[in-house]
Amino acid sequence: MSKFATSGHGKRIYIQEVATRDGFQNEATFVDTSDKVDLIDSLSDCGFAKIEATSFTSPRAIPALRDAEAVMHQIRRRPGVVYTVLVPNVRGAERAMSCGVDEVNLVMSTSETHNRANLRMSREQSFAQLTDVIAAVQGSGHKTAINVSLSTVFGCPMEGEIDEADVLRWMARFMELGVDGFTLCDTTGMAYPSQVQELSDHARKLFPEVQLTLHFHNTRGMALANALAAIEAGIDRFDSSMGGLGGCPYAPGASGNVCTEDLVHMLQLMGYDTGVDLSALLQASGRLPGLIGHEVPSQILKAGRRMDLHARPAYLDEAQGATQMAGS
Ligand code: COA
Ligand code: ZN
């Protein structure tokens, strides 16, 4: 094997599955609670570092996830896996903590316009609300970790470019509140590799002690390239969605999050240690079309793994037989 084939050198890359949150929140079909629970239970055995199981949002805003309590109470929690949930406000955090989640994932956008569109308030109002959420979690006596997801950091579908200095300033403000991690989200697939490398590098250097996750959408086909660019800059943690689920209201028809099986397949070939059992994951992912009623944009599910070889076509052997006969 060439030296390039093992460039990962066994380096650990942490994969965080988000299909049941970022994926299902965009689906028109309501996936039954028992199916969600079965699916999360099988994901728990796939080797993920973290699973974003659901969100504690307003059931009117996200009806697909209106069964968050039932899901969290019914899943089997595998030791070592961090079960995280998205919460938009104090109410959501209280609901989440009552279910004993390991982590709450708070969300705001670094774009004023996108924040108003998604959360119906200004960024300053979001920051004030999330400050209350953080205080509520820290004062609760629960050992719940706090992650902040910053949306649209690589570009806003309405405003365009987002100033990198602005992103780093929002991170600094949340750092002062004592959060445990950040997720830099390419919410609508506007990130490109050199940009990813730069922001990842700067964020890593400014906040070396915090857990940093990158969250890519494959809207424009750049998600895998972006993941590699982030790894070059020292990032070791990614959100991804099995089947490539996850929509984007600003790019209808485009594919969703970076697909977990595509990401894991690539990283394993390169010699990275993702901890993920790809066969088990493909089995779980193969159940998605039946649950949501349509095909999913997973390349590996369609094409198979690189070494899932095909039988030689019979006509090759027939032709060879004929040649041998002719030569004998
Ligand atoms: N859990 C359950 N219900 C909640 C809730 C929560 N976390 N937060 C608000 N609600 C309910 C309120 O009780 C109220 O219900 P009612 O109309 O029956 O009285 C209703 O939602 C509206 O509440 P309000 O405080 O006015 O909030 P809002 O309408 O401004 O909604 C959000 C704000 C953020 C809570 C809501 O839009 C939401 O949950 N959005 C989802 C955002 C999201 O997850 N986006 C995708 C991921 S980035
Ligand atoms: Zn997303």
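User: Does Cys185 count as buried or exposed?
Analyst: This is a predicted model: local features need pLDDT of at least 70, side-chain atom pairs count only at pLDDT 80 or more, and totals for chains, interfaces and linings use all residues. Residues are numbered from 1 along each chain as its sequence is written, chains are lettered from A and ligands numbered from 1 in the order written, and side-chain values use heavy atoms, leaving out hydrogens and water. Buried means under 20% relative accessible area, exposed over 50%, and partly exposed in between (1.4 Å probe, protein chains only). Cys185 has 7% relative accessibility, so this residue counts as buried.

User: How many disulfides does the structure hold?
Analyst: A disulfide needs two cysteine sulfur atoms within 2.5 Å. Take Cys46, which is buried at 1% relative accessibility. Its closest cysteine sulfur, in Cys259, is 13 Å away, too far for a bond. The number of disulfides in the structure is zero.

User: Which residues coordinate the zinc ion (ligand 2)?
Analyst: Donors are N, O and S atoms within 2.8 Å of the metal (3.2 Å for Na, K and Ca); water is not among the atoms, so sites may look incomplete. The donors here follow the spacing D-x192-H-x1-H along the chain. At 2.1 Å, the coordinating residues are Asp22 (OD), His215 (NE2) and His217 (NE2).

User: How many residues apart in sequence are the parts that Asp22 and His217 tie together?
Analyst: Helices (H or I, at least four residues) and strands (E, at least two) are DSSP runs, numbered from the N terminus. Asp22 and His217 are both buried. Asp22 sits in helix H1 (residues 19-23), and His217 in the loop between strand S7 (211-216) and helix H9 (223-232), so the separation of the parts they tie together is 195 residues.

User: Which residues does a network of salt bridges link to Asp22?
Analyst: A salt bridge puts a side-chain nitrogen of Lys or Arg within 4 Å of a carboxyl oxygen of Asp or Glu. By this rule the count comes to 15 salt bridges. In one network, Asp22 is linked with Arg21 and Glu52.

User: Which helices hold Glu112 and Arg123?
Analyst: These residues form a salt bridge, with the closest N and O atoms 2.7 Å apart. Glu112 is partly exposed at 21% relative accessibility, while Arg123 is buried at 19%. The pair ties together parts 11 residues apart in sequence, because the residues lie in helix H5 and helix H6 (residues 123-138).

User: Which residue meets Lys205 in a salt bridge?
Analyst: Lys205 is exposed, with a relative accessible area of 60%. At 3.0 Å, N to O, the partner is Asp201.

User: Which helix supplies the largest share of the lining of the largest pocket?
Analyst: A pocket is an open set of points on a 1 Å grid over the protein atoms alone, where a 1.4 Å probe fits, with protein on both sides within 12 Å along at least five of seven lines; lining residues have an atom within 4 Å of a point. The lining here has 45 residues, with Gln25, Thr57, Ile62, Asn118 and Leu119 nearest the centre. Several elements each supply at least two residues, including H1 and helix H4 (90-98). The largest share, four residues, comes from H5.
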